[in-house]
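Reader: I'd like to go through this model with you. Ready when you are.
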Amino acid sequence: MPLINKLILGTVQMGIPYGVNNKAGQIPESESLNILRLARESGIDTLDSAEAYGSAHQIIGGYNRENQKKPFNVITKISGGINNHTVEEKLQTFLRELHLEKLDGLMFHSLGAYQEYLHLMDRLSLIKEKGVFRQLGVSVYNNEEIATLIDDDRVDFVQLPFNLLDNISQRGEMIERAKEKRKAIHTRSTFLQGLFFMETTSKHRITEALAPQLLRIQELALEESVSINTLALGYCLAQENIDNVLIGVDSVTQLKKNLEAASFVLSKDTMNSINSLIVKNKALLNPSLWG
């Protein structure tokens, strides 16, 4: 399978300002539509979204309405405020907003949301059987959270952080366990919210704490004669146990760079060097804890 087919395009920046290294704010709607056009033309057929992402659903829906012969598949997330009586109505609202007949995936935004709505899981399974959505997933932050839901056969896929620092040394064993349970693996935080592109001399608390590892990443990119962007994306796409890799972009230019990066295969030595990068303080890898 061509590696580009593993890519899922995130849409959070199309609906709200997002990202530690994002200086431009929310993407203008016209640029969002240009990004969607290029992504679809280039072989990306799935988007990641959420009702919490501001106007993202409406922008995607606008694109799909104008491209009904080749719409995007969409994985979206429930934020809350649902029960057995209202959940299907909520999903029908999503379908209308996205201008789709079926969702590719429905996700809980966090393990906490999954646990809060455990009583809805059987109801969601019935709705899935009716063809409202194809697969059910949960977004998690760490291995302990994956372990909590790994035996729930109603969960079809898990979305977890994975990147140059949140790497095989951190995630490999748990990913293998999830695959043994026949769960698809989707990864996010490919560029650690843009942290990999920030100067280690910046005053950002996290870049200072991770300076040794970030400098090593820069060295590896030079040794491989690639950009950090290519190093980061190439590493994630090369993982056989990862089914899909989520990326976010803020411009057509950035998407083009990612599409070019997706075709590059890193050397085995470089892959091994990345696998050996260790971050002992796991909180440094979780943007929700950066403050």
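Predicted model: local features only at pLDDT ≥ 70, side-chain atom pairs only at ≥ 80, totals over all residues.
Reader: What covers the buried residues of α2?
Author: The cover includes β1 (7-10), α1 (12-15), β2 (46-48), α3 (56-66) and α12 (252-261). Contact means heavy atoms within 4.5 Å; buried is under 20% relative accessible area, exposed over 50%, partly exposed in between, with a 1.4 Å probe and protein chains only. Helices (H or I, at least four residues) and strands (E, at least two) are DSSP runs, numbered from the N terminus.

Reader: Which residues of α2 are buried?
Author: S32, L33, I35, L36, L38, A39 and R40. R40 also lies over the face of F72, 5.7 Å from the ring centre (cut-offs: NZ of Lys or CZ of Arg within 6 Å of the centre and within 35 degrees of the ring normal).

Reader: New topic. How many aromatic pairs are there?
Author: Five in the whole structure. Rings of Phe, Tyr and Trp (its six-membered ring) pair with centres within 6.5 Å; planes under 30 degrees apart are stacked, over 60 edge-to-face, the rest tilted. F108 and Y117 are stacked, because their centres are 6.4 Å apart and their planes at 10°.

Reader: And F162 with Y235, how are their rings arranged?
Author: Stacked, with centres 5.5 Å apart and planes at 5°. F162 sits in the loop between β6 (157-161) and α8 (168-180) and Y235 in helix α11, so the pair ties together parts 73 residues apart in sequence.

Terms used:
Residues numbered from 1 in each chain as written. Heavy atoms only, no water.
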